[in-house]
Amino acid sequence: MTILRAAILDLFDPGVPTTDAADRHFDPSFRQRVDGAWTDRATFVAGIEALRQDLVRVDVSVLDELVVDDRYAERHVIDLELRNGARIAREVYVFGRRGSDGRFVSIEETTIAP
């Protein structure tokens, strides 16, 4: 399993508290930029918790992954099914940096409809 896929699946596992999953994969100083907008870790975790309330299924298909020292690059397709029957599918391009303990310090991503 790839690094980011493992983190995503952990974050959306209903048997794992969101904060526990976040602690395992994301540094306390974590920041994320999605399509140009930055958020801090607290906002990121709150967004995951809100999405978990509506989520029925998540599937992540990794297309590419590259790790060089603390730098991380990955491309995946995520497919989410919500309780109301809606589906959200996006191709995601990710560039990140990981701390010495392997947790993500930052992720910058852009998304497109596949």
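Analyst: This is a predicted model.

User: What makes β5 and β6 a pair of strands?

Analyst: Two strands pair if there are at least two bridges between them. Eight bridges join β5 to β6, and the two run antiparallel. The count meets the cut-off, so they are called a pair. As an example of facing residues, V94 stands opposite E109 in β6.

User: How do you know that β1 is paired with β6, and which way do they run?

Analyst: Five bridges join β1 to β6, and these strands run parallel. At least two bridges are needed, so β1 and β6 pair. R31 has S106 in β6 as its bridge partner.

User: And what joins β1 to β2?

Analyst: Strand β1 (residues 26–34) is joined to β2 by four bridges, and the two run antiparallel. The requirement is at least two bridges, so this is also a pair. V34 stands opposite A37 in β2.

User: What is the order of the strands in the sheet, and how is the pairing described?

Analyst: The six strands form an open sheet in the order β2-β1-β6-β5-β4-β3, and the pairing is mixed.

User: Why are β2 and β3 called edge strands?

Analyst: β2 (37–40) and β3 (55–68) each pair on one side only. From one strand to the next, the twist averages 20°.

User: Which strands does α1 touch?

Analyst: Helix α1 packs on the sheet and touches β1, β3, β4 (71–82), β5 (87–98) and β6 (104–112). The direction of α1 makes about 160° with that of β3. Helix α2, in turn, lies across β1 and β6 and runs at about 95° to β1.

User: Which residues of α1 are buried, and how do you know that they lie on the same side?

Analyst: In α1 (residues 3–11), the buried residues are L4, A7, I8, D10 and L11. They cover an arc of only 165° around the axis, which is why they are on the same side of α1.

User: Why is H25 called buried?

Analyst: H25 is found in helix α2 (residues 18–25). Buried means under 20% relative accessible area. H25 has 18% relative accessibility, so it counts as buried.

User: What makes the link between H25 and D10 a polar contact?

Analyst: The contact is between the side chain of H25 and the side chain of D10, at 2.8 Å. A polar contact requires a pair of N or O atoms within 3.5 Å, one able to donate a hydrogen and the other to accept it. Not counting residues up to four places away in sequence, H25 touches A6, A7, D10, R103 and F104.

User: How do you know that the radius of gyration agrees with that of a compact globule?

Analyst: With 114 residues, a compact globule would have a radius of gyration near 13 Å; the protein has 13 Å, so the two agree. The C-alpha trace spans about 40 × 30 × 30 Å along its principal axes. Buried residues make up 37% of the 114 residues.

User: What pattern do the helices and strands follow along the sequence?

Analyst: There are three helices and six strands, and they follow the pattern α-α-β-β-α-β-β-β-β.

Key. Residues are numbered from 1 along each chain as its sequence is written. This is a predicted model: local features need pLDDT of at least 70, side-chain atom pairs count only at pLDDT 80 or more; totals for chains, interfaces and linings use all residues. Side-chain values use heavy atoms; hydrogens and water are left out. Buried means under 20% relative accessible area, exposed over 50%, partly exposed in between (1.4 Å probe, protein chains only). The arc is that of the directions from the helix axis to the C-beta atoms. Contact means heavy atoms within 4.5 Å. Axes are lines fitted to C-alpha atoms, for helices over the stretch in contact, and angles run from 0 to 180 degrees between N-to-C directions. The radius of gyration is taken over C-alpha atoms; the globule rule is 2.2 Å times the number of residues to the power 0.38.
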